Amino acid sequence: MPGTESKFPIDLSKLQKLKLDPSQPKLTSEQKAALAHNVQLMRDAIVLFTATGAARGVSGHTGGAYDTVPEVNMLLSLFNYSDSYVPILFDEAGHRVATQYLMSAIEGHIPAEHLLHYREANSKLPGHPELGLTPGVKFSSGRLGHVWPWVNGVALANRDKTVFLLGSDGSQQEGNDAEAARLAVAQNLNIKLIIDDNDVTIAGHPSEYLKGYDLKRTLSGHGLKVVVVQGEDLDALWAGLCDVINYNGPAAVICKRVMAPGIADIEGSPHGHDVVPVKAALKYFESRGYPPSMAGDILNNIKPTAVPYLYIGSTKEVGANRVIFGEATNMVLDTLTKEEAASKVMVIDSDLEGSTGLKVIHQKHPEVFIPSGIMERGNFSAAAGFGFDKNKFGVFSTFSAFLEMVVSEITMARLNFCNVLCHFSHSGVDEMADNTCHFGINSFFADNGLADTQSWLYFPADPAQMVAIVKRVFFDHGLRFIFSTRSKVPWILKEDGTHFFGEDYEFVPGKDEVIAEGTAGYVVSYGDMLYRSWDAVLRCRQEGLNVGLINKSTLNLVDEQTIRKIGCSHFVLVVESLNQKTGLGSKFGTWLLERQLTPRYGYMGTNKEGCGGLTEQIPHQGLDPQSIILKIRQLSQ
C-alpha cells in the first residue's frame, strides 16, 4: 500500500544490541562494525519518516536528530551494559524529537509504521516531545536550551548515577545554560553533556554571526572538563565519551561535525536544521542503494491536507503579517538617511530573522541590523539599552512563546523608561505544528507594570492594519508590543466588499474599531481571530440575529466609548487565540463590571494541549466559526 498505509520499509529489528564498557576506551572491530551498522540503519529511518513531514507540508526537523545518532547509540550501549546510568536520552534541543519517536518504535511503544504520521494532526507525534502524549516518550523538552538546569535536578536526585544530556551549539547559546553550568560545577554533579557542534542554526552559522562564541572555552571557563572530538569518528567519539564518564564531576564531549553528514542536498547548510525535502530524501536513498520504490511509494503518495472552508467577510488572498512587520519597518526607515537610521534605530535578531520578518530589514537596511544568537533575554535587554536614550529606539523580535522568557527584562526596561518596539510572531496556536510548548498564548504577561505605568499591546487583524500600526507607533516612546501569527491572514472586508483598513484608514492607539454595529449583542475579537469571528457574525446576521463585531487591536487599554456601547447590549463575547486563563477574555468581564455594565458575558480562547498539525489547531481549541456561532446563539437567548 502507498503512503502512510505502507509497511515501514526499514527493518528496525535488524539493530544489533550492543553493550559497551566505559573502562575500555578502544572499540573492537566487532563493536565498531555493530555501531556503524546501527548508526546507518537509524539514520536511514530518521530521513524516511521526517521526510513525511515535508511531504504533508507540516515541516519538521531532520538534521539534529540525524547528527546525534552515533552518540545516541553509544549511550544506549552504556544503558545495556550497566544500571549506573539514568537510562533516559535527555535532550535540550526539542527539534531533535525524531530521536525520541524512533526510540519509542524501537522499544515497542508504537508500531514503526506510525512514524510515517510524523507531525500529522492528532497522531501524537508533534514537533516537540511531550511527556504523557506520545507512548514511550520519557520527558518533555520544551523550548530550546531549557533542559540542562532541570536535568541538574535529576542528577541531584540520583547522586549514585550518571546522567547524560544531549546538547547543541544552538541550545548552549541560551543564558540559563550558563547558570546550569555553574550549579553543576559547584555541586560536582555527575552530569555528562554530549554536544553536537555543527555550526548551524536557523539563521546561519554561529561562527559568522556570533564571533567569539566557543563551546570549549565557555564550558571550560565554567569549570567543566571538556573533550573535543570529531563526531563522525566512532573511535574518537567513544574514547572521548569514556574520558568524561570516568571523570568525577560534570564534563562535556563536544562533537564537531557538519550538519547532516551524508545528505548531499542539505549537508553543512542551515536547511539541515529544518526537514529534509522529499527530493533530497529520495536522492539520499538512491545514493544508499535502496530501490526507488522504497521511499518513493511512501513520500510521493503523502500530500498536504487542509480543511476547505470559504470564509465570508474577508479576501481569498492572504498575507503573512509576520513578514509584513519587516516590510512596514522598512517603510519607516526609508524616510531616514542611512546615517540617521543607524544613529536612531537598532534592530536585533535572535536567530529567527527569516521567521519573524527581520530578514527584509537585514537586506535593505543593514546599517541598523545586529545579527545575534539564541539569547532572547540578552538581546531584548540590548534593544532596551539602545533605547535608554529618549531619542533612540531599539527593535526586538522573536516567537511569542519566548515572551515568557523576557518578562523580567521587560520590567527592567520599563523601570529605565526605555524605547523598545517588540514584534512577537507565531502568536496564538494556528499552524503551530511544534505544538504546546511553542504556543504563543501568554502575551498579556508583557503588560506587567503597575497601574500607574503604561505599555501598549497591539495585535493587527490583517496586513493593511499591520502596516498602519507599525508606521503609527514606531517612534512612540516606551514599550510597544506588536503580535502576529505564524499563519497567513486575509484582508478584512466591509459589508460592501471594500477593504476595512483601506488607504484612508488611520490607526489610533487605544481605540477599538466597530466592524459592524449590532442590536442583539457584540463579539469582541482581534488578530487572527477577527476574520473567523467576522465570518461567524455575518452568518448569524444572515439568519436574522443582528450581532455586532468589535476589533480590539489595542489589547490592554479600555476604550471607554466602545465598552459602554457594547456593555449596554444583551451580550458580549470575547473571542481570541490567546490563553483563556490570561488573555483578554479573563480581563474584559472585570472591565465591564467596574463600569456597572452587566451584559451576558462569555469568552473563548486556547484552553487545552495542542493536537499537532497546522490548520487543525484552531478547531481543536473550539475556535472555528461554527463554534463561535454556537456560543453566540447560547448567549443571545
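Begin by selecting Arg96 and Asp91 in this predicted model: the two residues form a salt bridge in which the closest N and O atoms are 2.7 Å apart. Colour the pair by accessibility and Arg96 counts as buried, at 1% relative accessibility, while Asp91 likewise counts as buried at 1%. Side chains of opposite charge can pair when their charged atoms come close.

Asp91 stands opposite Leu166 in strand E2, and E2, which covers residues 163-168, is joined to strand E1 by 2 bridges, with the two strands running parallel. Now widen the selection to the whole sheet, an open one of 5 strands in the order E1-E2-E3-E5-E4, with parallel pairing. Its edge strands are E1 (90-91) and E4 (225-230), each of which pairs on one side only. Strands of a sheet pair through backbone hydrogen bonds, either parallel or antiparallel.

From E3, move along to Asp199, which lies in the loop between E3 and helix H7 (206-209). Most residues other than glycine have a negative phi, and most peptide bonds are trans. Asp199 counts as partly exposed, at 26% relative accessibility.

A second residue with a positive phi can be selected at Asp351, where the angle is near 70 degrees and the residue is again other than glycine. Asp351 is found in the loop between strand E7 (345-348) and helix H14 (353-356). Is Asp351 buried or exposed? With a relative accessible area of 3%, Asp351 falls under the 20% cut-off and is therefore buried.

Return now to charged pairs, and select Arg472 with Asp476, a salt bridge whose closest N and O atoms are 3.1 Å apart. Here Arg472 is partly exposed, with a relative accessible area of 39%, and Asp476 counts as partly exposed as well, at 22%.

Then select Arg633 and Glu543, which form a salt bridge with the closest N and O atoms 3.0 Å apart. This pair links distant parts of the chain, 90 residues apart: Arg633 sits in helix H23 (residues 625-636), whereas Glu543 sits in the loop between helix H19 (528-542) and strand E16 (547-551). Arg633 is partly exposed, with a relative accessible area of 35%, and Glu543 counts as exposed at 55%.

A search of the whole structure finds 29 salt bridges.

Finally, zoom out until the entire chain is in view, with its 23 helices and 18 strands. The radius of gyration is 26 Å, close to the 26 Å that the globule rule gives for 637 residues, so the chain is as compact as a globular protein of that length. Along the principal axes, the C-alpha atoms fill a box of roughly 80 × 60 × 45 Å. Of the 637 residues, 60% count as buried, and the chain exposes about 24,100 Å², of which carbon and sulfur atoms supply 53%. Among contacts with a separation of 6 or more, 79% are between residues 24 or more positions apart.

Definitions and conventions
Residues are numbered from 1 along each chain as its sequence is written. Side-chain values use heavy atoms; hydrogens and water are left out. A salt bridge is a side-chain nitrogen of Lys or Arg within 4 Å of a carboxyl oxygen of Asp or Glu. Buried means under 20% relative accessible area, exposed over 50%, partly exposed in between (1.4 Å probe, protein chains only). Helices (H or I, at least four residues) and strands (E, at least two) are DSSP runs, numbered from the N terminus. Two strands pair if DSSP finds at least two bridges between them. The radius of gyration is taken over C-alpha atoms; the globule rule is 2.2 Å times the number of residues to the power 0.38. Contact means heavy atoms within 4.5 Å. Accessible areas come from the Shrake-Rupley method with a 1.4 Å probe; for residues, only the protein chains shown count as cover.
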